[in-house]
2 protein chains.
Amino acid sequence: MTQAVGIARAHTNIALIKYWGKRDKDLFLPMNSSLSLTLEAFYTDTKVVFDEELTADSFFLNGIEQSKTEIKKISRFLDLFCEYTGERPFARVESFNFVPTAAGLASSASAFAALALAVADALKLDMTRQELSTLARQGSGSSTRSLFGGFVEWSMGTSSGDSMAHPVDDADWDVGMLVLAVDTQEKKIASRVGMEHTVQTSPFYPAWIETAKEDLKAIKAAIATKDFEAVGQITEHNGMKMHATTLSANPPFTYWTADSLLAQEAVRRVREELQVPAYMTMDAGPNVKVLCRVSDMKILIEALSAYFPSEKIIASLPGPAAYVLSEEDWEQSKIHFAKGSQG
Amino acid sequence: MTQAVGIARAHTNIALIKYWGKRDKDLFLPMNSSLSLTLEAFYTDTKVVFDEELTADSFFLNGIEQSKTEIKKISRFLDLFCEYTGERPFARVESFNFVPTAAGLASSASAFAALALAVADALKLDMTRQELSTLARQGSGSSTRSLFGGFVEWSMGTSSGDSMAHPVDDADWDVGMLVLAVDTQEKKIASRVGMEHTVQTSPFYPAWIETAKEDLKAIKAAIATKDFEAVGQITEHNGMKMHATTLSANPPFTYWTADSLLAQEAVRRVREELQVPAYMTMDAGPNVKVLCRVSDMKILIEALSAYFPSEKIIASLPGPAAYVLSEEDWEQSKIHFAKGSQG
């Protein structure tokens with residue numbers, strides 16, 4: 001080949017059973033299996049061009065050439081594929097993040113999933129989606145799950161080869177998510193650093209791992225019977241337990257800000273007043289995500305608007321698995337991005 | 001006797017190793033031993049008059065006659081002493097709480113300690129202070145520790161008779177506390193209810209109890225060597241672990257408000273900027289208490305005033321053991337209270 005092109009879209013995902021801690025840092029092997037909901041509203045489009053004429057890798061995000069540090073991460077990731085392809089030519093990688101800045105969501109989940117699929121497309125790799133997820137995993141743990149749509153499990157596996165994602169349920173029922181984008185400042189403690197400190201110092205960590213296993217089993221049973229309340233209760237309990245592990249680390253720390261608490265209080269008030277089931281979860285940042293029924297979204301957003309500017313409340317349906325885009329799709333996507341519809 | 005009078009003052013205390021959960025609800029037997037610092041700035045003065053002419057118990061708090069529910073709690077508490085005295089006459093109990101409303105501190109610790117000592121004084125009970133603490137305990141767990149001054153341990157004991165407090169260190173060195181009274185609204189979840197829910201549902205509770213034991217041992221060693229940083233680090237870790245148990249309860253809950261987070265962030269910022277050791281702890285409410293060196297109080301208050309109105313920052317030295325007051329002291333105390341110096 002002289003040139004090989006691949007383009008793909010992957011949606012972000014929010015873990016309902018959290019991934020919080022690695023048992024192998026180099027291979028991104030997690031301490032526990034996790035489960036997420038892929039979100040329709042947020043995604044990354046990525047194009048990779050392998051070209052023998054190129055003299056170095058390059059990486060453009062949202063039209064802006066990235067730093068050497070960022071390019072190095074991409075190069076390291078592309079090198080993982082050499083195991084399947086032998087030596088590779090240099091590549092030009094372009095990405096557009098359709099994650100509203102206001103959402104303050106980590107885009108690494110959708111980013112590495114989109115890149116993995118784009119590479120597989122470009123190199124015509126004969127690889128199952130699950131196998132591909134073991135490679136996405138080594139870019140960013142949570143991206144393992146973004147190769148699939150709906151409810152997705154990332155099985156911790158026994159080694160690098162079987163620590164992979166698989167779809168659990170297409171979530172094509174009355175379930176969705178609201179993101180309360182309370183604070184979009186960059187987090188002070190990277191999740192990589194926070195989880196490592198927690199694993200090393202929290203006396204509650206062993207109980208976290210033990211009960212995360214039970215939570216996973218329970219939520220899969222609840223998803224199977226479409227028991228929304230049970231799914232929500234397990235989600236809220238599991239997420240709060242994850243944050244409890246940061247408080248029990250030594251020294252203790254938290255990803256919560258004052259605005260996170262205001263959002264939590266608003267959700268508690270609104271769900272009590274409306275008598276509508278709505279369950280919170282939070283990740284390694286200050287924003288609050290609310291698992292709710294799609295049919296309740298309108299009434300919830302209205303009530304929450306008493307506490308937040310409505311542009312800070314972003315609703316999402318469940319999202320699809322990552323998929324390959326055509327050149328035409330890609331051109332449309334660039335236009336879409338340029339129009340600023342990314343938020 | 002036709003009349004027996006006793007008057008006493010007890011100071012409040014803040015736990016550095018928390019009491020969080022009962023193994024016997026009726027006897028107020030705790031799940032773990034705890035350790036506190038008695039505070040000079042906050043106290044309760046109480047006078048009890050047993051009088052054979054009286055036809056019922058009565059209770060006046062800050063000059064206001066209390067409800068039947070409150071009087072019942074007092075009566076039940078006074079009845080505990082009958083084991084030592086046989087039948088008792090009815091009593092009139094008067095208390096003044098010198099706990100600034102703005103501090104939003106629970107006054108039950110100083111209240112039942114002052115009442116216990118006033119009763120012992122009135123009835124001329126031949127009882128050690130430690131023995132008396134087993135009775136105070138049955139009014140309110142934390143009041144067990146308020147019979148002593150400085151650093152005080154409440155040993156969980158093996159039964160009601162030996163679940164008692166004893167002094168650990170007079171704290172007559174460079175150590176004190178700032179109370180950041182961020183929110184003085186009444187707490188939504190009584191500590192009694194919160195701890196019971198936590199004991200019953202938190203998967204982290206066993207590890208909390210296990211490590212609280214280790215924390216107690218470690219903080220006593222640190223107090224013995226006057227190692228302020230170690231005392232502070234253990235305090236902050238233990239307190240945050242207690243709050244982690246509420247997040248891990250099912251359903252999860254928290255005593256923190258948005259203002260609590262603002263206070264925490266201010267303390268983190270100020271101690272980093274000033275490079276002054278200052279350690280946070282919180283109880284079953286939204287306020288933040290800061291263990292610091294007395295010699296650093298001035299600079300800390302100045303820096304924290306950038307974030308809080310200075311009247312919301314209350315400094316305290318370590319406080320003394322509960323003590324008996326004379327009739328003259330009592331009259332002075334009433335005048336003092338009337339002048340509004342209670343805050």
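A salt bridge is a side-chain nitrogen of Lys or Arg within 4 Å of a carboxyl oxygen of Asp or Glu. Between chain A and chain B the count of salt bridges is zero. The model is predicted, so local features need pLDDT of at least 70 and side-chain atom pairs count only at pLDDT 80 or more, while totals for chains, interfaces and linings use all residues. Residues are numbered from 1 along each chain as its sequence is written, chains are lettered from A and ligands numbered from 1 in the order in which they are written, and side-chain values use heavy atoms, with hydrogens and water left out.

The interface is described next. Contact (heavy atoms within 4.5 Å) links 27 residues of chain A with 27 residues of chain B. The area buried between the two chains is about 2200 Å². Buried area is the accessible area (1.4 Å probe) that two parts lose on being put together, summed over both. Carbon and sulfur atoms give 76% of it. F204(A), H237(A) and L247(A) supply 28% of the area that chain A buries against chain B, more than any other three residues. Four residue pairs, both members at pLDDT 80 or more, are in polar contact across the interface. A polar contact is a pair of N or O atoms within 3.5 Å; within protein, one must be able to donate a hydrogen and the other to accept it, and residues adjacent in sequence count only if both atoms are side-chain atoms.

Helices (H or I, at least four residues) and strands (E, at least two) are DSSP runs, numbered from the N terminus. On the side of chain A that touches chain B, α6 (205–224), α7 (228–247) and α8 (258–274) of chain A each supply at least two residues. Helix α7(A) gives the most, with eight residues.

The two copies are related by symmetry. A rotation of 180 degrees with 0.0 Å of shift along its axis superposes chain A on chain B, with an RMSD of 0.0 Å. This is the relation of a two-fold axis. The same surface serves both copies: 100% of the contact residues of chain A recur in chain B. Superposition is by least squares on the C-alpha atoms of residues with pLDDT of at least 70 in both copies.

Chain B holds an open sheet of four strands. Their order is β11-β12-β10-β13, and the pairing is antiparallel. Two strands pair if DSSP finds at least two bridges between them. β11 (278–281) and β13 (313–316) of chain B stand at the edges with a single partner strand each, so one side of each is left without a neighbour in the sheet. The twist averages 25 degrees from one strand to the next. Four bridges join β11(B) to β12(B), residues 288–292. A278(B) has C292(B) as its bridge partner.

Helix α9(B), residues 297–304, lies across β10, β11, β12 and β13 of chain B, at about 15 degrees to β10(B). Axes are lines fitted to C-alpha atoms, for helices over the stretch in contact, and angles run from 0 to 180 degrees between N-to-C directions.

Elsewhere in chain B, β5 (58–61) pairs with β7 (91–98) in the parallel sense over four bridges. F59(B) stands opposite V93(B). β5(B) also forms a hairpin with β6(B), with two residues between them. N62(B) in the turn has a positive phi of about 55 degrees.
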